[in-house]
Amino acid sequence: MTNAAKVLAGLEAELGWVRDTYRDLHRQPELSLEEHRTARLVEDKLAGFGYRVVRLGGTGVVGVLANGDGPTVLARADMDALPVTEATGLSYASEVTGVMHACGHDVHVSTLLGAAKLMADGRGAWSGTYIALFQPAEEVGAGSKAMVDDGLAAKVPRPDVALAQHVMPAPAGTVSTTAGPVLSAGDSLRITVYGKGAHGSMPHMAVDPVVLAASIVLRLQTVVSREIRPGEFAVLTIGALNAGTKSNIIPDRAELLLNIRTYDPQVRSTMLAAIERIVKGECLSAESPREPDFEFYDQFPLTANDAAVTEQVTAAFTSHFGPAAVGHAQPQTASEDFSHIPDAFGVPYTFWLLGGVDPATYRAAESQGTVSRDIPGNHSPFFAPVLDPTLSMGVQAHVVAALSWLAPDTTRP
Ligand SMILES: [Zn+2]
Ligand SMILES: [Zn+2]
């Protein structure tokens, strides 16, 4: 019997409360930085399992289980929900108006708690230190940084490796991994451009910021299409354009909210330079009376998986789940703030994807080419991972990945 099999021997007995915990969290979602109930629930469970519990960054919770000599592995789950009104109709749907676990962070919390319990109960089968870290506020890109700023690296043992997973619209019963970029870097940018206000009937007295902003919107469409090498990944979206109050008043300013996504830091700096040049150039040509303002907010780092760590986790998954259950992940255009945690310690990491959709439903949509239309994605009000086998797979993935450091399977060729 492998060490993983020994630790996972108690899995079936634990899945009942893991499902209950998932449904409880799903009914009671909490927004970013407001995860008070969730944090208390996590603290109580970890303390009950025998972990040393540390609070960090307000609602962040870390459980440390020291179990003799050996490596240290850190596994992370995020805890926050979204300002989305749930439309799933599930019996355990959100009971909080306008708030929903629409990104599956309730899956992450309940599966990491399940893994933490099994690691504690199975400590005779491994050696080293296991750290279960629960971070707040992933959705606003603030939670991992809040934990780092609150002394994470000083208060928690330095891990050798950091691990995380995210439930995705893929068949339940599968995990997928990839080395290199798995999630994009994301930057939000608020740009304010200035005009000269006047009566709507007297445009000759004005510098019209509405026309200026409109030409910026169009010109910015050339950044990806004309300045980035074809085949490089880059997204530029202008998500908001705000100006004016009334049809007969030319306002004195306009505000644009931009979002960019990249995998390559060089592509990112090329895009930012192009945006600044185009905005300044259009302001100059409009005779804008004041330099535009650029303000960054909601910034997410690149998530780029370490090749050796990913190879080790992929081998452990393949050996445990069988090759058919382990896929190659396509890099996602979404972003995450997880990497601030391993970066605070200067250690490598991998972030894998966990399937959460009923396999038959997924395969049917896939064969008709309608996955993006018929399968609700993360952040959708219809997002509803199936409990089985998603929760079981999520618990096992955490245990199997951690044990590949803490109790390497020497029987594997
Ligand atoms: Zn999300
Ligand atoms: Zn998420």
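**Figure 1. Right-handed crossing of helices α2 and α3.** In this predicted model, helix α2 crosses helix α3 in a right-handed sense. The two helices, of which α2 spans residues 11-27, pack with their axes 11 Å apart and at an angle of about 165°; because angles over 145 degrees count as roughly antiparallel, α2 is classed as roughly antiparallel to α3. On the α2 side the contact is formed by Trp-17, Thr-21, Asp-24 and Leu-25, and on the α3 side by Arg-37, Thr-38, Leu-41, Lys-45 and Phe-49. Sorted by class, the residues of this contact comprise four nonpolar, two polar and three charged.

**Figure 2. Surroundings of Thr-38 in helix α3.** Thr-38 belongs to helix α3, which covers residues 36-49, and is one of the α3 residues that contribute to the contact with α2. With a relative accessible area of 1%, Thr-38 is buried, since the class of buried residues takes in values under 20%. The side chain of Thr-38 is joined to that of Glu-30 by a polar contact of 2.6 Å. When residues up to four places away in sequence are not counted, the residues touched by Thr-38 are Leu-25, Glu-30 and Met-79.

**Figure 3. Oblique packing of helices α4 and α13.** Helix α4 (residues 105-121) and helix α13 (residues 390-406) have axes that come within 8 Å and cross at roughly 50°, and α4 is therefore oblique to α13. The sense of the crossing between α4 and α13 is right-handed. From α4, the contact draws on Val-107, Ser-110, Thr-111, Leu-112, Gly-114, Ala-115, Leu-118 and Met-119, while α13 supplies Thr-390, Leu-391, Gly-394, Val-395, His-398, Val-399, Ala-402, Leu-403 and Leu-406. The contact of α4 with α13 has 11 nonpolar residues and six polar ones, with no charged residue among them.

Figure 4. The peptide bond that joins Asp-388 and Pro-389 is cis, with omega about 5°, and Pro-389 is found in the loop between α12 (371-374) and α13. His-379 also has its place in the loop between α12 and α13. Although His-379 is not a glycine, its phi is positive, at about 80°. The relative accessible area of His-379 is 39%, and this residue is therefore partly exposed.

Figure 5. Phe-321 lies in helix α9, which is made up of residues 307-321. This residue is buried, its relative accessible area being 18%, a value to be read against the limit for buried residues of under 20%. Leaving aside neighbours within four places in sequence, the contacts of Phe-321 are with Val-175, Val-326, Met-393, Gln-396 and Ala-397. Pro-251 is 70 residues from Phe-321 along the chain, and the C-alpha atoms of these two residues are separated by 61 Å.

Figure 6. The axes of helix α7 (residues 209-227) and helix α8 (residues 265-286) come within 10 Å and cross at roughly 150°, in a crossing that is right-handed. The α7 residues that make the contact are Leu-212, Ser-215, Ile-216, Arg-219, Leu-220, Thr-222, Val-223, Val-224 and Glu-227, and they meet Thr-270, Met-271, Ala-274, Ile-275, Arg-277, Ile-278, Val-279, Glu-282, Cys-283 and Ala-286 of α8. By class, the α7 and α8 residues in this contact are 12 nonpolar, three polar and four charged. Ala-273 is also placed in helix α8, and with a relative accessibility of 45% it counts as partly exposed. The C-alpha atom of Ala-273 is separated by 9.9 Å from that of Val-223, a residue 50 positions apart from it along the chain.

**Figure 7. Backbone of Asp-298 in strand β13.** Asp-298 is located in strand β13, which consists of residues 293-300. The phi of Asp-298 is near 40°, a positive value in a residue that is not glycine. At 37% relative accessibility, Asp-298 counts as partly exposed.

Definitions and conventions: Residues numbered from 1 in each chain as written. Chains lettered and ligands numbered in written order. Heavy atoms only, no water. Helix = DSSP H or I, 4+ residues; strand = E, 2+ residues; numbered from the N terminus. Buried < 20%, exposed > 50% of the residue type's maximum accessible area, 1.4 Å probe, protein only. Polar contact = N/O pair within 3.5 Å; in protein donor to acceptor, adjacent residues only side chain to side chain. Contact = heavy atoms within 4.5 Å. Axes fitted to C-alpha atoms, helices over the stretch in contact; angles between N-to-C directions. Parallel < 35°, antiparallel > 145°, perpendicular 65-115°, else oblique. Left-handed = near helix turned anticlockwise from the far one by under 90°. Nonpolar A, V, L, I, M, F, W, Y, C, P; charged D, E, K, R; others polar.
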